[in-house]
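Take a look at the protein chain below. Then work through the questions one by one.

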Amino acid sequence: MTTETIAPPRSADAARRTTNWEKWGWIYMRASGVLLVVLIFGHLFVNMVAGEGVKQIDFAFVAGKWASPFWRIWDTLMLWLALIHGSNGMRTIINDYVAKPAVRKTLLGAVLVACVLLIVLGTLVCWTFDPCPAGAAAADLPSFCPAQ
């Protein structure tokens, strides 16, 4: 005969004191989804519709956009929200479909590492991008760069 230990029910006070991470993950998915729709369609409009359309996108176009802190913040926010949103979705799928705890823990760790790595690298690209690199040919530089 086996005896199973059943955890005693938590009191209502204890339940109120703990953070419900699933609830906050659910709320984040809805809020970030709405924000991402606005950010992505704004990004697509500026890059694909306004001006000369898709043929305007080149180094000078990106350099000109990222000369403004507004567009760097816009693109960084879009990057962070999209990566965290997607990683949270993957976390939910892994929790729903992976039965073995060791495999689940490994996959969740891999998703976390990938998310953090991509956020760090993407943020570095957004904020360390130099639109006027030293030694570049004058023809390749955007018009706002001083002559070198």
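The questions below go from the whole chain to single residues.

This is a predicted model, in which local features need pLDDT of at least 70, side-chain atom pairs count only at pLDDT 80 or more, and totals for chains, interfaces and linings use all residues. Residues are numbered from 1 along each chain as its sequence is written, and side-chain values use heavy atoms, with hydrogens and water left out.

Q: Where in the chain is confidence highest?
A: Confidence is given as pLDDT, the predictor's score for each residue from 0 to 100. The chain has a mean of 86, and 88% of its residues reach 70 or more. Helix α1 (residues 12–17) is lowest, with a mean of 68, while the highest value, 96, belongs to helix α5 (residues 101–128).

Q: How many helices and strands does the chain have?
A: Helices (H or I, at least four residues) and strands (E, at least two) are DSSP runs, numbered from the N terminus. From that end, the elements run α-α-α-α-α. The count is 5 helices and 0 strands.

Q: Is Cys126 buried or exposed?
A: Buried means under 20% relative accessible area, exposed over 50%, and partly exposed in between (1.4 Å probe, protein chains only). Cys126 has 6% relative accessibility, so Cys126 is buried.

Q: Which residue forms a salt bridge with Arg91?
A: Side chains of opposite charge can pair when their charged atoms come close. A salt bridge is a side-chain nitrogen of Lys or Arg within 4 Å of a carboxyl oxygen of Asp or Glu. For Arg91, the closest N and O atoms are 2.9 Å apart, and the partner is Glu22.

Q: How many residues apart in sequence are the parts that this pair ties together?
A: Arg91 is partly exposed, at 21% relative accessibility. Glu22 is partly exposed too, at 47%. Arg91 lies in helix α4 and Glu22 in helix α2, so the parts they tie together are separated in sequence by 69 residues.

Q: What is the relative accessible area of Val54?
A: Val54 sits in the loop between α2 (21–49) and α3 (59–66). Val54 counts as exposed because its relative accessible area is 55%.
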